[in-house]
Every structure is written in C-alpha cells, then in structure tokens.
Amino acid sequence: MAAFVRAVHRNWLMNNPPAAAKSPKPLVFGILGAADIAPAAIISPASNHPDVIVQTVAARDAAKATAYAKKHGIPKVATTYQDILDDPSIDCVYIPLPNGLHYTWAQKALKAGKHVLLEKPSVNNSTEAERLFLSPNAPIPSSPSRPVLLEAAHSFFHPAWALFMSQVTPSEVVSAKSELWAPFWFFGADDIRHNFELGGGAMMDLGAYTANALVRIFGGVAEECVSCDTTPRAGTDPRCDSWFLTRYRFPNGGIGEMEGNLRSPVYKFLPNVYVTHQAVVIDAAEAGVVVKDGEHVTRTRTILFRNFVLPSAYHAITVNDKFAVVKTDGSAEAPPQKSWTKSKTLKAYTWQEAGLAGSKAQVGEPYWTTYRYQLEQFVNKVRGADTPQWVEGTDSVKTMRMIDMAYTTAKLPLRPTSED
C-alpha cells in the first residue's frame with residue numbers, strides 16, 4: 001500500500017510540479033511553434049527549474065499562438081519564428097516543429113547564436129544529421145563560444161536508463177528488441193506523422209526512440225538492416241509507414257529488432273526493451289558457489305526494461321541470470337552439472353536510488369520527468385557545468401543512419417533533404 005501511495009503522489013507531482021524561485025538571470029527560452037508536446041517537454045519542466053523561464057512563443061497562426069500563450073502562461077507572442085531568433089533577450093530556443101522543418105530552423109537558430117533544444121528526430125535523414133552535427137562548419141558546441149545543440153532524446157536522461165545500461169554488456173548482447181506503441185485513437189489520418197514532405201512516418205517518430213535504444217545497447221550502429229516490414233495507414237500517403245518491424249545485424253553478430261505502431265491495439269501500450277546476452281564464464285564466487293577442478297560457471301543474462309520511454313510514471317528493470325556449472329574439457333554436448341536462476345527487479349526515480357558511481361553528485365527528485373532531467377543537463381551544458389548525461393551529435397547521426405537503413409531496406413524513399 002505504501003508503494004502505491006508513493007506512486008500516486010509521484011505521478012501527481014509529475015503533472016503538478018512545484019514552481020521554482022528563479023535565479024537573478026535565468027536562461028530565457030522561446031518556442032518555435034504552438035506544439036502539443038511543448039507543455040510536457042519544456043513549459044512544465046521550466047516552471048520547476050530555477051534557471052529557466054519560457055518567455056515567448058510564435059506560431060504560423062497568430063490567433064493560435066495568442067491562445068496558446070494565454071493557456072500556458074507565456075508572457076510574449078512573437079509574430080514570426082524569425083522574430084524570436086532576432087530577439088536579443090532570448091538565450092535558447094526549443095524547436096518542436098514538424099520533422100521536415102527541424103534542419104532549417106535549427107541552422108537559423110544556431111547562426112543567430114541561440115542554444116537549441118531540438119525535438120527528435122533531429123532531422124529528416126542522415127545527410128541532414130551529418131551536416132548539422134558533424135560537418136566542419138557545423139555549429140556544434142566544440143568550443144565554449146559556440147551555442148549548444150541537443151536532440152531532445154529525453155528518455156535517455158532518466159536515471160532508470162543509466163541503471164538499465166549498468167546491467168548491459170554491449171559486446172555480449174546476442175539479441176535485443178525495442179518496441180513502442182501509440183494507441184489507435186491518438187493520431188488522426190490528417191496528422192503530420194502521415195505527411196511525407198514534413199518528415200512523417202512511424203520510424204521517424206517512434207523509431208527515433210527504438211533505433212537510439214538499439215545503438216546504445218549494442219554500442220554502435222548496425223552493419224546492415226536484414227529486413228524491414230512496414231504498412232501505411234489506409235487512405236494516407238503510402239510512403240509514410242504507420243507500422244514497422246525492422247531487424248538489424250550488428251558488428252558483434254547480434255540481432256537487434258525494433259517495432260512500432262501508430263495505431264496500436266489497446267493490449268499493447270508499454271514501450272519495452274528486451275535484451276539477451278551470450279553465456280559467459282564468470283568467477284564462481286560471483287555466482288556464490290564452489291566448483292571442482294575441471295569445472296567453471298557460466299552466466300546467461302536476460303533483461304526486460306518495462307516502460308523505457310516514460311520511466312518517471314512507472315518502470316521496472318527485471319534481470320534474470322541463468323547460471324550453470326559446466327565441465328571445462330570442451331564437451332559442448334555435455335549437460336551442465338548444475339543450473340539455477342537468480343532474478344532481481346530494479347527501479348530508480350532519482351540518481352541516489354540508482355546508486356551508480358558518481359550518481360550521488362547528481363540532482364533530481366522522484367517526480368522529475370524525463371524532460372525535467374533532460375532540461376537539467378541542457379542548462380548545465382549551456383552554463384559550462386558538468387553534464388554526466390548527454391546525447392552527442394554523433395548519437396543523433398547514428399540514430400538517423402539506422403532509420404535511413406531501414407527505409408532503404410523497406411524500399412521506401414528517405415525524407416527530403418533540405419537546402420543549406
């Protein structure tokens with residue numbers, strides 16, 4: 001009962017975080033677009049951060065921007081996106097525009113000297129990602145004078161993800177699957193996710209999480225996409241996938257799979273990650289046993305991470321270790337002398353709960369959302385402080401390479417590349 005009460009209280013605070021007293025000179029944000037995601041992604045986290053205020057919003061529809069500002073307590077409404085970039089009082093911009101507009105407006109914002117929090121996926125394809133993050137002229141923060149650019153891959157800033165990865169050994173992973181579902185009533189047929197020119201497609205949305213997760217689990221980009229099955233939503237652009245099931249082969253020989261659906265049935269709702277490691281020889285003391293001469297102990301680890309995308313609301317990391325005492329004479333067909341399984345379930349809503357090396361120095365509250373943890377690191381980076389959690393530009397490029405690989409295998413066109 002106590003755990004249930006704590007969970008209810010935590011979730012209530014997630015949606016009603018206490019307002020923070022602001023520092024004398026907080027970072028001032030402008031929002032490009034009156035987007036549905038912005039209240040969760042920046043407006044609410046900013047209200048709880050002492051060093052951030054959201055000052056201005058702009059939208060193509062002036063009436064919509066005015067109503068949006070009034071609803072969310074944003075003091076100013078700009079006439080155009082460019083007006084926000086030209087405003088010297090604004091330090092940072094959050095860009096939640098359709099995917100097809102990310103590259104253009106991120107470039108403009110960076111050239112205007114604004115720090116950029118860029119919604120995922122960062123851009124339309126890997127060519128744009130390489131230009132934005134890796135080209136010699138890319139305005140990434142390689143020096144203190146350059147503005148900060150961050151893809152808002154918020155899930156990977158939460159302590160639960162770090163705790164999960166502490167149980168994963170990428171070189172030993174033989175298989176993994178990441179899956180993410182959107183309920184069938186959530187997005188209409190006219191949603192931008194079904195608009196090819198604006199960077200639509202399930203892999204461009206859900207796949208930004210699932211591909212990123214696989215890259216982190218395997219420690220790099222896949223060598224090849226083995227297969228990619230997709231289906232569009234009836235009556236929408238057939239170039240935009242609504243469901244996908246993609247299989248990759250990674251450099252260590254492991255197979256990674258990702259699946260996502262913009263119209264999922266009600267019985268599929270938790271975004272999960274499944275990981276299986278190969279059997280490895282471990283010290284018998286680690287397994288808590290004593291072995292005879294000519295024997296050793298192997299461990300085969302499997303992990304299930306429930307709700308890896310929004311772990312603040314609820315999550316559980318179940319680790320199953322199957323141990324076996326086997327002969328060391330190379331008798332591959334010989335059955336184990338003894339086998340048993342140990343299981344544990346891990347959770348961490350704060351860095352203190354995660355208990356990882358260096359985590360005690362990190363701040364956080366049980367009710368902090370993934371977006372709030374992300375904003376903490378973004379502000380730290382802008383202020384020149386330590387950022388133990390970060391999504392590097394190379395990470396964003398790797399994610400887009402995975403998605404491009406999948407679309408190519410599915411014989412679907414890549415989303416359009418913007419002009420420089």
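This is a predicted model: local features need pLDDT of at least 70, side-chain atom pairs count only at pLDDT 80 or more; totals for chains, interfaces and linings use all residues.
Helix H2 spans residues 38-47, and helix H12 spans residues 370-383. The axes of the two helices come within 9 Å and cross at roughly 65 degrees. Because angles from 65 to 115 degrees count as roughly perpendicular, H2 and H12 are described as roughly perpendicular to each other. Their crossing is right-handed. On the H2 side, the contact is formed by Ala40, Ala41, Ile42, Pro45 and Ala46. Helix H12 contributes Tyr371, Arg372 and Leu375. Of the residues in this contact, seven are nonpolar, none is polar and one is charged.

The buried residues of H2 are Ala38, Ala41, Ile42, Ile43, Pro45 and Ala46. Helix H12 is part of what covers these residues.

Proline 238 lies in a loop, between strand S8 (224-231) and strand S9 (243-249). The relative accessible area of proline 238 is 58%; because a residue over 50% counts as exposed, proline 238 is exposed. When neighbours within four places in sequence are set aside, proline 238 is in contact with Pro232 and Leu412. Methionine 165 is 73 residues from proline 238 along the chain, and the C-alpha atoms of these two residues are separated by 37 Å.

Methods
Residues are numbered from 1 along each chain as its sequence is written. Side-chain values use heavy atoms; hydrogens and water are left out. Helices (H or I, at least four residues) and strands (E, at least two) are DSSP runs, numbered from the N terminus. Buried means under 20% relative accessible area, exposed over 50%, partly exposed in between (1.4 Å probe, protein chains only). Contact means heavy atoms within 4.5 Å. Axes are lines fitted to C-alpha atoms, for helices over the stretch in contact, and angles run from 0 to 180 degrees between N-to-C directions. Angles under 35 degrees count as roughly parallel, over 145 as roughly antiparallel, 65 to 115 as roughly perpendicular and the rest as oblique. A crossing is left-handed if the near helix is turned anticlockwise from the far one by less than a right angle, and right-handed if clockwise. Ala, Val, Leu, Ile, Met, Phe, Trp, Tyr, Cys and Pro count as nonpolar, Asp, Glu, Lys and Arg as charged, and the others, Gly among them, as polar.
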